[in-house]
Amino acid sequence: MTWLIADIGGTNTRCAIARAGGVVDAVDTFRNRDFPALDRLLAAYLGALPPADRPDQAVIAVAAPIRGDEIRMVNINWAFSVTALARTLSLQRVIPLNDFAAQAHALPVLAPADLHKVGSGEPVALAPKVVVGPGTGLGTAGLVHLDGKWHAITGEGGHVTMAPSNEREAHLVALGRERFGHCSAERLVSGAGLAFIHEVVSGGRKLTPKEIGAAVQAQDEAALESLDIFFELLATVASNLALTFAAFGGVYIGGGITPRYVEQFDASGFRTRFEDKGRYRAFLADIPTWLITADQPALRGLAAYAESCPPA
């Protein structure tokens with residue numbers, strides 16, 4: 001049996017075929033802005049497949065809350081019905097997951113070569129795990145083991161109120177409230193958030209995340225400072241999740257931004273901030289943190305999830 005799997009983000013969509021044993025192949029990436037709607041994008045991918053490879057079922061990861069048949073995405077103006085999507089694409093069924101549920105389902109199948117460890121702590125077998133990742137937005141999920149099977153616990157953790165840990169961050173959060181009304185974690189810990197931090201740090205210079213990346217490589221002082229603030233804010237979010245889930249299985253950092261800056265991430269204050277929880281410092285020191293360096297982890301998570309699905 002083969003499945004269409006798709007990781008549908010706010011900027012790009014990655015499609016593939018999942019085969020028995022969790023094998024992922026025929027991977028292709030599309031820019032969302034090139035298509036008026038999701039069904040057109042997925043139809044383009046399916047239409048390019050050899051007829052023998054065309055799947056009859058799909059499991060898709062969507063950067064949006066999953067609350068029934070109607071799904072409305074947050075960081076792109078797309079909305080769709082799951083049943084209508086299946087009908088349009090001539091699929092028996094389409095199973096939607098939150099995008100970070102897919103990331104969470106990848107955690108048990110990632111190999112040591114897919115991860116870069118930061119700091120101390122060793123994982124406890126079958127203990128809860130957490131994944132958090134900044135990209136176009138900020139995704140979060142937990143993974144718990146019950147009755148011999150891993151289950152993803154998803155929500156909209158990226159939209160919790162951002163808590164500052166020092167005066168510099170308090171200033172950032174105050175400016176975020178002025179601009180956005182509510183300064184969520186995603187307002188600062190995302191691609192747009194990095195740009196906002198840099199704008200404040202540089203005294204008003206507006207750069208795109210890509211331009212900030214080039215400035216980091218050029219050792220620009222404002223860009224490097226902005227990235228370090230970004231990683232410390234990410235650590236605040238990650239450690240809050242670690243406490244909430246008692247995530248002794250580990251905390252995993254995914255998303256499209258952090259893996260581009262492994263050297264800077266290692267040198268940043270991430271792990272120090274992660275453990276900086278007063279009386280719970282020792283608790284957090286025992287929880288390992290990893291940066292996910294694997295290509296397409298969400299697709300691997302979707303393939304693992306499809307493998308465990310009962311027949312239609």
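Helix α4 covers residues 167-180, which makes 14 residues. From its first C-alpha to its last it reaches 20 Å, close to the 20 Å expected at 1.5 Å a residue. Keep in mind that you are looking at a predicted model. Below, we start with this helix and then visit aromatic rings, cysteines and a few backbone angles.

- The buried residues of α4 are Glu169, Leu172, Val173 and Gly176.
- Looking down the axis of α4, you would find these buried residues within an arc of 95°, so they line one face of the helix.
- What do the buried residues of α4 pack against? Their partners are α5 (185-188), α6 (191-201), α8 and α10 (270-275).
- Turned away from the buried side is a face of α4 that carries the exposed residues Glu167 and Glu178.
- Glu167 has a relative accessibility of 70%, and it counts as exposed because the cut-off for that word is over 50%.

**The ends of helix α4**

- At the start of α4, Asn166 reaches out with a side-chain oxygen, which comes to within 3.2 Å of the backbone nitrogen of Arg168.
- After α4 comes Gly181, with a positive phi near 90°.
- For a sense of distance, take Glu167, which belongs to helix α4, and Ile292: they are 125 residues apart in sequence and 31 Å apart in space, going from C-alpha to C-alpha.

**Aromatic rings**

- A pair of aromatic rings is described by the distance of the centres and the angle of the planes.
- How many aromatic pairs are there? The count comes to ten.
- In the pair of Phe248 and Phe283, the ring centres are 4.8 Å apart and the planes stand at 65°, so the pair is edge-to-face. The reasoning rests on a cut-off: planes over 60 degrees apart count as edge-to-face.
- Phe248 sits in the loop between α8 (221-245) and β12 (250-253), while Phe283 is in helix α11 (residues 281-285), so this pair ties together parts that are 35 residues apart in sequence.
- Elsewhere, Phe230, Phe231, Phe265, Phe270 and Phe274 form one aromatic cluster.

**Cysteines**

- A disulfide is a covalent bond between the sulfur atoms of two cysteines.
- How many disulfides does the structure hold? The number is zero.
- A disulfide needs sulfur atoms within 2.5 Å.
- Cys309 is buried at 16% relative accessibility, and Cys183 is buried at 2%.

**Residues with a positive phi**

- Most residues other than glycine have a negative phi, and most peptide bonds are trans.
- Ser90 is not a glycine, although its phi is positive, at about 55°. Look for Ser90 in the loop between α2 (82-88) and β7 (93-98), where it is exposed with a relative accessible area of 58%.
- Ala246 is another residue other than glycine with a positive phi, near 45°. Its place is in the loop between α8 and β12, and at 28% relative accessibility Ala246 counts as partly exposed.

How values were computed:
Residues are numbered from 1 along each chain as its sequence is written. This is a predicted model: local features need pLDDT of at least 70, side-chain atom pairs count only at pLDDT 80 or more; totals for chains, interfaces and linings use all residues. Side-chain values use heavy atoms; hydrogens and water are left out. Rings of Phe, Tyr and Trp (its six-membered ring) pair if their centres lie within 6.5 Å; planes under 30 degrees apart count as stacked, over 60 as edge-to-face and the rest as tilted. Helices (H or I, at least four residues) and strands (E, at least two) are DSSP runs, numbered from the N terminus. Buried means under 20% relative accessible area, exposed over 50%, partly exposed in between (1.4 Å probe, protein chains only). The expected span of a helix is 1.5 Å times one less than its number of residues. The arc is that of the directions from the helix axis to the C-beta atoms. Contact means heavy atoms within 4.5 Å. A polar contact is a pair of N or O atoms within 3.5 Å; within protein, one must be able to donate a hydrogen and the other to accept it, and residues adjacent in sequence count only if both atoms are side-chain atoms.
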